[in-house]
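Please look over the sequence and the structure shown here before reading the report.

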Amino acid sequence: MFWSKDRETMPRKDIENLQVELLRENIEYAYKNVPLYKKKFDEYGIDKNSIKTIEDIQKLPFTTKDDFRDNYPFGLFATDMKKIVRIHSSSGTTGKPTVVGYTSKDLDTWSNLIARIAAAAGVTDEDIVHIAFGYGLFTGGFGLHYGLERIGAAIVPASSGNTKRQIMLIKDYGATVLVCTPSYALHIAEVARESGIDIKNDLKLRIGMFGAEPWSNQMRKKIEEELNIKAYDNYGLSEIMGPGFSGECKQQDGMHIAEDNFIAEIINPETGKTAKKDEYGELVITTLTKEALPVFRYRTRDITRIIKEKCACGRTFARMEKPIGRTDDMLIIRGVNVFPSQIEEVLFSMDGVSPHYQIIIDKAGALDIATVKVEANANLFFDEMKKQKEFLDKINNELKSSLGIDVSVKLVEPHSIERSEGKAKRIIDKRKFE
Ligand code: DLL
């Protein structure tokens, strides 16, 4: 299903022409209204005439999280506060949060972009949508809310917390769509099962729209089986708007990027150079229609790749693959680069472990050491030492053959890893406390 078919099926040439036109306008707009961009563009000798083709975007300087920090709280806003009607911010574990603002035009654009990804996942005005993202400074709750409302669905703004109550509401109100993080979806399934709910018969859920954290295709399979739904991924980040940047269609084969509102690039995170076609690298995003907060070449630190081939659904917008992780979360274990998501894929492909895990990273000299804590299934021979050892050896071998490294795996009791109601805390990096 399409929300804005003319746009979503534009010939690629027209998409690029539109991007060039909007980028040129946006450079002029930011130059006039944002001191940081005036300074950066002067330094780089950039004006709108520097952009003739889409590749010319590579002439522009990057924007980073530090630019947001240095201009905290409102220094990057391009409009005066009178025009700002909403403020969100990213959680940020250390230091000041990243603050983002929206004009009413921005909120309108945002709702349409969410409506687009929801329609692509098959949500209609007949659906009852349970939103279990936190409503607050986080962009997830309010972002999804207004877009789904625009589709005409009935929204249950449950917000996060109190999982048992959430399940009661999902059941009693007959929710057909669940919106939250993938890790919370699994937790909801777990608590529902334990509370004696027969998910297939007692619940009416049919679609999940999950995002805000990395999750593997194996995890998707688990969620789909456990909740008896189709689970669709969507991606975004506060700095460029929030959710709505990209989302999956029925093919579940990459998230279509709203290329009429953003330019997406992939760069080599070390050199900053544009990656080759189909290559993995860091996603860099330029906004084309944001009024309150235009951002040029924002370095997301998320590692993914972009596929431009036409999708079977008919959309021409390029797709991004599920991000495999963040550059900040990449481990170098004995010289091998590893992302936590690769460890997740191996764990989830094994019978006997539950989908709850944590990776603890420490340093021994110059080397990173990773220990994976994973919960055994309740019925996994917890007292039988020999069988347990055999099982651990099997996981270790599996990890070694698929990642080429040794990680030590610890089986822990069911329920001993903390469940999250928002983004799961998968990585405990002890190196950062040194
Ligand atoms: O997480 C926006 C969002 C809300 C997206 C709801 C989707 C649904 P932030 O809190 O600023 O914004 O965090 C952004 O989360 O840079 C990624 O590292 C990660 N992330 C978001 N979506 C995905 C996804 C929201 N689908 C950061 N897959 C991003 C993998 C994701 N990582």
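## Basis of the model

This is a predicted model, in which local features need pLDDT of at least 70 and side-chain atom pairs count only at pLDDT 80 or more, while totals for chains, interfaces and linings use all residues. Residues are numbered from 1 along each chain as its sequence is written, and side-chain values use heavy atoms, with hydrogens and water left out.

## Helix packing

Two packed helices are described by the angle between their axes and the distance between the axes. Helices (DSSP runs of H or I, at least four residues) and strands (DSSP runs of E, at least two) are numbered from the N terminus. The axes of α7 (residues 163-172) and α8 (residues 182-194) come within 10 Å and cross at roughly 80°, where axes are lines fitted to C-alpha atoms, for helices over the stretch in contact, and angles run from 0 to 180 degrees between N-to-C directions. The two helices α7 and α8 are therefore roughly perpendicular to each other, a term that covers angles of 65 to 115 degrees, with those under 35 counted as roughly parallel, those over 145 as roughly antiparallel and the rest as oblique. In contact terms (heavy atoms within 4.5 Å), Thr163, Lys164, Gln166, Ile167 and Ile170 of α7 meet Tyr184, His187, Ile188, Val191 and Ala192 of α8.

Helix α11 (residues 340-348) is largely enclosed by the rest of the structure, because seven of its nine residues are buried; buried means under 20% relative accessible area, exposed over 50%, and partly exposed in between (1.4 Å probe, protein chains only). The buried residues of α11 are Pro340, Ser341, Ile343, Glu344, Val346, Leu347 and Phe348, and their cover includes α10 (217-227), β17 (336-338), β18 (353-364), β19 (367-376), α12 (385-403) and β21 (427-429).

## Salt bridges

Side chains of opposite charge can pair when their charged atoms come close. With a salt bridge taken as a side-chain nitrogen of Lys or Arg within 4 Å of a carboxyl oxygen of Asp or Glu, the count comes to 31 salt bridges. One of them joins the side chains of Arg12 and Glu259 (2.9 Å, N to O). Arg12 lies in helix α2 (residues 12-33) and Glu259 in the loop between β9 (255-257) and β10 (262-267), so this pair ties together parts that are 247 residues apart in sequence. Glu259 is buried, with a relative accessible area of 5%.

A salt bridge also joins the side chains of Lys322 and Asp233 (3.0 Å, N to O); Lys322 is buried at 14% relative accessible area, and Asp233 is buried at 5%. Within helix α12, Lys389 and Asp393 form a salt bridge (3.0 Å, N to O), and, being four residues apart, they are separated by about one helical turn. Here Lys389 counts as exposed at 51% relative accessibility, whereas Asp393 counts as partly exposed at 34%. Arg7, Glu8, Arg116, Asp260 and Arg315 are linked in a network of salt bridges.

Met81, in the loop between α4 (65-70) and β1 (84-89), counts as partly exposed at 39% relative accessibility.

Arg431 is found in the segment after β21 and counts as buried at 17% relative accessibility. Leaving aside neighbours within four places in sequence, Arg431 is in contact with Leu331, Ile361, Asp362, Lys363 and Asp368.
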